[in-house]
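Here are some notes for a colleague opening this model for the first time. Please read them with the structure in view.

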Amino acid sequence: MLEKNELERHLLSRCFSDREKIDELLETRYTFTGAQKPSLVLLPTKTEESKAKSLLHSEPTYIDEQLKKRKTNTRLEARTYLKTVKKNQDSLVRKIQEYNRLKLKTPKKPFPLSKLIVKFQIPTYEEFLPMNRLWNDYAQSLAFPEIKSPEDKLPNKQMILARLATAEYSGCLLTVLDSRNPNLLGLKGIVVYDTQYTFIICVERDEDEDATPAKQVGGFRFVPKKFTLFTFDLELPNQTEQDDKYLSFTLIGSRIDTRAVDRSTKKFKSHNVENIL
Amino acid sequence: MYDLNVPWPRNNYEKLTDEQVVGLRNVIVTLYSLKVYKVAINFEIDESIRLPVNSPQEINPIKVPEIIDVAKFPGLSVYTRLTVVVNDSSKLVSFNKFQNYFDLVAIKPVSEKALQLSIINLNIDLISVALSSRLNFYLKHKIVGQAIKKGVKFEICYDSLISSSSSMSRKHLISNLIQLIRATRSNGVVIAGGCTDAINVRSLNNIVNFFETLGLKRNKINQFIENSRYVLMNGRLRINSYKQVIALDDDDELLDNSKDDPMGNSVVNGYKKQKRKGDADEQTVKRTKI
């Protein structure tokens, strides 16, 4: 709700510190019997006497709370979150490396990894498993909506593929099948967020002590889509226990470098295949 | 290694004689022994021949299991290719209908107009220019470059160079080859065999040697041979993917055609995989590149 005469009040609050004075002024402005001044009396605010400031002096920047509030949105929050996760992962990896470099005469105590993972708030693969289950249901109902019983015929190949091309992939369990970057081969995890040029996936922790520190920590990986092939499996719906079958699909990373939102309406075209891998 | 042109002995829909089947098999086996593992059988027809559109299983006459048992040759995969001799590309209205029945689709333009129009209008993988006779048109870089930009490659067959008895055709071949290499600026060319007889099949070293005498650099020749992979990938993705975005199956080369329906229907039954019981981690076996 707007206060009465809010604008004037706001202007006057710059000149007069006490509220009563402002009220009185406004009162006289809007009465029939009073002064009925058509203008507002604005007094010059007190300014500090300008001192000679040093060259290096800088004014503290004034951040309006309102402005700050307006600037926060989901996208920015997510961005800062991903940044902090990455920072924490890196510092934990560095900690492990430092620990491995230590040379003590007495046998080393085992590194308190599980404790530190909680402390650094590193996301775990298990946290995203429910999301993966949700995605599987979604993808099944998207790809094979016609199938109600196991006897029903599967839809045509092109139809399934066309439906999955415009699907949403956050929650999908992806494996890197092939890439120009050999370090990415075999990387496997659940998609947390699908940006325009990367898949952010959450990988499982490697419990093995001989694994590299980064593998021991797990957490998020930022996998570029360009020059990379991803694969995922999709179970067929309404299968019996004995006859449990699935289909594999390959996502061609160089061709899905759009945001998920834009992809749903995009018209795909075949291009020169030389930049696929 | 690849060979995208092993000619099908007939140019129409008649059945092969036993002799022809043996001849074809011999070529493939010879290629295999020379470490050419990806082979495409080329069915070349004239544009005037009508395709049996109404009976889909007859559109592709090449039934690979009848010719060769692929299981006996580990690593071998046999693809099918259709080449249409184009004179007037407006006749090819039904071209898109039979694209799904062949792994590769190529054209053989007879005139400059046919070449230009089919580059613009048709969705093809390969262009095969008749090199062993006199070309009745000039290959322009502008048109050829348009094709290469789209990812369509040009084919060179070394067969007529070896087998042809007349010196005229050899002369034409060499001059046409130089024309083609000039027009393509040594990009987007594919070297294929085109051998009807097993005796004309050559190994990689021989091919490289020959093209070196024509003045090509060795790395360019290797690139020409490597280009075959892109042609195959393009063809396979047309059948096996939705606009090159998502493909069926998890083959990291995107070239596997063993699971396709032999009748050419786009059903997914061949791609189903059985999940192993009590072994949920089966899928998590790490893939490593050789």
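1. Start with the terms for angles. Angles under 35 degrees count as roughly parallel, over 145 as roughly antiparallel, 65 to 115 as roughly perpendicular and the rest as oblique. Axes are lines fitted to C-alpha atoms, for helices over the stretch in contact, and angles run from 0 to 180 degrees between N-to-C directions. Helices (H or I, at least four residues) and strands (E, at least two) are DSSP runs, numbered from the N terminus.

2. This is a predicted model: local features need pLDDT of at least 70, side-chain atom pairs count only at pLDDT 80 or more, and totals for chains, interfaces and linings use all residues. Residues are numbered from 1 along each chain as its sequence is written, while chains are lettered from A and ligands numbered from 1 in the order in which they are written.

3. Look at the helix pair α3 (residues 112-121) and α4 (residues 141-150) of chain B. Their axes come within 10 Å and cross at roughly 25°. α3(B) and α4(B) are therefore roughly parallel to each other. B:Leu115, B:Gln116 and B:Ile119 in α3(B) meet B:Ile143, B:Gln146 and B:Ala147 in α4(B) (contact: C-beta atoms, placed from the backbone, within 7 Å).

4. Next, the sheet of chain B. Seven strands form an open sheet in the order β1-β2-β3-β4-β5-β6-β7, with parallel pairing (strands pair if DSSP finds at least two bridges between them). β1 (2-7) and β7 (189-192) of chain B stand at the edges with a single partner strand each, so one side of each has no neighbour in the sheet. Neighbouring strands are turned by 35° against each other on average, direction ignored.

5. Within that sheet, β4 (residues 104-109) and β5 (residues 126-128) of chain B pair in the parallel sense over two bridges. B:Ile107 stands opposite B:Ile127 in β5(B). α3(B) packs on the sheet, touching β3 (77-86) and β4 of chain B, and its direction makes about 155° with that of β4(B).

6. Where do the chains meet? The contact takes 32 residues from chain B and 35 residues from chain A. On the side of chain B that touches chain A, the largest share, four residues, comes from α8(B). Strand β6 (residues 245-252) of chain A is joined to β9(B) by three bridges, and the two run antiparallel. A:Leu251 stands opposite B:Ile246 in β9(B).

7. Finally, chain A has nine helices and six strands.

Notes: Two residues are in contact if their C-beta atoms, placed from the backbone, lie within 7 Å.
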